[in-house]
Amino acid sequence: MSEPKQTKGIPAPQTVTVDVNGVTVTVDLKAFDDWSFLDDLSRVEAAGTGESTDVGDQLRVVNIVRRIFGKQYRAVLATLADDEGRIPVQGVMDALTKVLSTAAPNS
């Protein structure tokens with residue numbers, strides 16, 4: 001993953017904010033420089049490609065979502081809940097994709 005670019009004496013940002021359904025998610029960019037995050041990400045990817053059949057690997061996406069959404073985790077999930085209180089997995093994945101593509105566009 002690339003580091004945030006620094007422009008002539010202006011320090012690179014340490015956080016990025018993204019609006020997710022009206023909730024401002026502040027992503028600490030240090031979250032991407034974390035071995036546990038990369039391990040979770042690689043295991044989720046392996047599960048998605050069939051390289052891993054361990055169901056636990058698929059569920060590591062929950063760790064990724066919690067880590068990236070941070071303190072706004074529950075607020076984001078609340079905006080995604082349907083009338084019965086269920087939170088569609090695809091809605092969470094769409095929100096995660098939006099945040100990741102904004103916070104780490106080159107990864």
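1. Helices (H or I, at least four residues) and strands (E, at least two) are DSSP runs, numbered from the N terminus. On that basis the protein has five helices and two strands, and along the sequence they follow the pattern β-β-α-α-α-α-α.

2. This is a predicted model, in which local features need pLDDT of at least 70 and side-chain atom pairs count only at pLDDT 80 or more, while totals for chains, interfaces and linings use all residues. Residues are numbered from 1 along each chain as its sequence is written, and side-chain values use heavy atoms, with hydrogens and water left out.

3. Of the protein's 107 residues, 30% count as buried (under 20% relative accessible area, 1.4 Å probe, protein chains only). Among contacts (heavy atoms within 4.5 Å) between residues at least 6 apart in sequence, 52% join residues at least 24 apart.

4. The axes of helix α4 (residues 73–80) and helix α5 (residues 89–103) come within 10 Å and cross at roughly 130 degrees; axes are lines fitted to C-alpha atoms over the stretch in contact, and angles run from 0 to 180 degrees between N-to-C directions. Val76, Leu77 and Leu80 of α4 make the contact with Gly91, Val92 and Ala95 of α5.

5. The structure holds one aromatic pair (ring centres within 6.5 Å). The ring centres of Phe32 and Phe37 are 5.5 Å apart and their planes stand at 80 degrees, so the pair is edge-to-face (planes over 60 degrees apart). Phe32 counts as buried at 12% relative accessibility, and Phe37 counts as buried at 1%.

Note on methods. Phe/Tyr/Trp six-rings, centres within 6.5 Å; stacked < 30°, edge-to-face > 60°. Buried < 20%, exposed > 50% of the residue type's maximum accessible area, 1.4 Å probe, protein only.
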